[in-house]
Amino acid sequence: MSTPAAEGLPAPGTLRRRLRIRPRTVVVHVVAWAIGLAWALPFFGVAMVAFRPLGQTSLGWWHLSPFTVTFENFIAAWNNQGCPLSLGLRDSFLVALPATIIPMFIGALAGYGFARFHTATRDYIFLAVVLFMAVPQMMVAVPVYNLMIRLGLISSLLSLILLHSAWGIPWIILFMRNFYRTLPTEVEEAARVDGASDFKIFYKIVLPMSLPALAAIIVFQFMWVWNDFFFAQVLIQNPNWYLSTQCVPRLVGQFVRPYDLLSAGAILTMSVPVVIYVILQRFYIRGLIGWTIKG
Amino acid sequence: MSRLSLSFLTPGGAYAGLHNYQSVVGSPDTFNPTCFEQGPPCGSLINNLIWTGLHLPLTLFMGLFLAVLLQNIRGASVVKSLVFLGMVTPLIVIGVVLRFILEAPIGLIPAFFGWLGVRSLAGNWLVTPSTLLLGLIFGTVWSWTGFSMIVYSAGLTTIPKDYFEAARVDGATEWQAFRKITWPLLRPITLVIVTMTLLWELKLFDIVIGATNSQGGVGGAADVLALQMYRYFFIIDYNSAAVVATLLTIFTLVVALGLFRRLLNVPSRRKRVRPARAARTAEPAPIGSEEKPTAATKGVT
């Protein structure tokens, strides 16, 4: 590439471009922002229905008069008879937190092993682990269901925690292995010279260094578990332990459409991942990119 | 594995050969060719194909378009977050949100068409077989575009700015620069997005439940393979469920194979390929194997 020449030549042009705002720039900005806002419009509409009495929105939330803000719909969804979201959200947390922490530690340790230790079969085991990522959830549903019945864990949150932990480990291993391969080995070698054991090196040196990667895993895995519907449906069949994602479709009546309940339930269920995404966006995207564009 | 064997057995446990496969694939729930003359429902297999055929190119195009558009925009991260909201939301909630767009009278889209005077599209999209599948497909395009946009954005940051500077000096238009620089350099990223999107499309089903019911909507017009398996599972027809799950797994593995081959060959191939490529083009290698770790570790934004 003729970079030196390229650097020399366009400088005046870019300078002038910087100084005045071209109409094209304005148009591009307007278009981009319009698309972004239009994209969020459906969510905005749901929020409008959720925060207003159904009487005002049943013919479309864009009818703005009368306009009153109410939390009735949320309270109704929270205490709903069939599937109270208060319990649903609690159960979702009870599943998602351990199902994030457990596979994170196992996956981090295993990923470290795959990145740093050489054994004859390592690459084949790794291949097998990665292949597990491609198995669709539907493939394991019946065997896992039978297994949990035999273990007496069906409809208990523990079954879901175990399943999600097992399901999350392959991608975490892959993600962590790729991350460790970018870490310099000098620090670890120095520690080894000083007489630290492998485990000590892992917990004292490698784990603190991999905090950004672990954060990405926490966000991503938590969201995955929270947003899952299929595994929850398969394993949790007792209405007392329904997760929030299971509650949402149960707010729909057979013939009537309780839009007020539905919108509030939808907002409540999506609020947790959305809040986490807003706070930890950087890490989430890192997890997503690392997960797909593997190194 | 027990899943696979289950698909060859009768409910009593005897060996059934391919009989289960015949009965599942032969049923109009799965494959209903008459729909080409009579309209939906088409069966889950055809619905999956239609879904993929519309969803994949649309999300790819929209994601790339947005990623390129948002490259030099003030507040691009906010716009990206707005678009990405659909990826963060549980799919079952996305399905519910679609009710608030597509169902009359509460939905915006029927109201919009009513305002335009298009009678046929002003009704309730989700209870009309001819619009149900289309509405859901556009719903998934809406929610999944955030994925391709974010991944494409990450890919765009790995393209050195010098390339575009040089192209501008050479008098290339922006379209030419896009065709000759951006698109070819993003090809490995496109492969990843295509694979992940296909995998996602195959296992899609909760959005259908959220927007309609577990029967796949009116007359099963939006039935898909994963939903069919789910239904078989809950009427305790494990053998048929196993058949559908096996089919899904086969499709998935076929799709994933390309990506995995890339993925696993990367360490060994890199050493061999890089010198050859360097000698051939005397140019920094495009964002192929060796630049991806930076995207993976640095992330975007």
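I call a residue buried if 20 or more other C-beta atoms lie within 10 Å of its own, exposed if 12 or fewer, and partly exposed in between, with C-beta atoms placed from the backbone. On that count, 44% of the 295 residues in chain A are buried.

Notes on conventions. I am working on a predicted model, where local features need pLDDT of at least 70, side-chain atom pairs count only at pLDDT 80 or more, and totals for chains, interfaces and linings use all residues. Residues are numbered from 1 along each chain as its sequence is written, while chains are lettered from A and ligands numbered from 1 in the order in which they are written.

**The two chains**

I looked up secondary structure next, taking helices (H or I, at least four residues) and strands (E, at least two) as DSSP runs numbered from the N terminus. Chain A has 15 helices and zero strands. Chain B also comes out with 15 helices and zero strands. In chain B, 47% of the 301 residues are buried.

For contacts I used C-beta atoms, placed from the backbone, within 7 Å of each other. In chain A, 76% of the contacts with a separation of 6 or more join residues 24 or more positions apart.

**Where A touches B**

I found 67 residues of chain A in contact with 68 residues of chain B. Which helix gives the largest share of chain A's side? Helix H15 (residues 259-292) of chain A does, with 17 residues. I sorted that side by class: 45 nonpolar, 19 polar and three charged residues. Here Ala, Val, Leu, Ile, Met, Phe, Trp, Tyr, Cys and Pro count as nonpolar, Asp, Glu, Lys and Arg as charged, and the others, Gly among them, as polar.

I fitted axes as lines to C-alpha atoms, for helices over the stretch in contact, with angles from 0 to 180 degrees between N-to-C directions. Helix H3 (residues 23-51) of chain A packs on helix H5 (residues 76-88) of chain B at about 30°, axes 8 Å apart. That makes the pair roughly parallel (under 35 degrees; over 145 is roughly antiparallel, 65 to 115 roughly perpendicular and the rest oblique). The residues I see meeting include A:Trp33, A:Leu37 and A:Phe43 in H3(A), and B:Leu82 and B:Val83 in H5(B). This contact has ten nonpolar residues, one polar and no charged.

H3(A) also packs on helix H6 (residues 91-102) of chain B, at about 85° with axes 9 Å apart. So these two are roughly perpendicular. I traced the contact to A:Pro42, A:Phe43, A:Gly45, A:Val46 and A:Val49 of H3(A), with B:Val97, B:Phe100 and B:Ile101 of H6(B).

**Local spots**

I checked helix H9 (residues 161-169) of chain B, where B:Tyr163, B:Glu165 and B:Ala166 are buried. Down the axis of H9(B), these fall within an arc of 165°, so they line one face of the helix; the arc is that of the directions from the helix axis to the C-beta atoms. Just after H9(B), B:Gly171 takes a positive phi of about 85°.

My last stop was A:Ser155, in the loop between helix H8 (137-151) and helix H9 (157-182) of chain A. A:Ser155 is not a glycine, yet has a positive phi of about 65°. Most residues other than glycine have a negative phi.

Conventions:
Contact = placed C-beta atoms within 7 Å.
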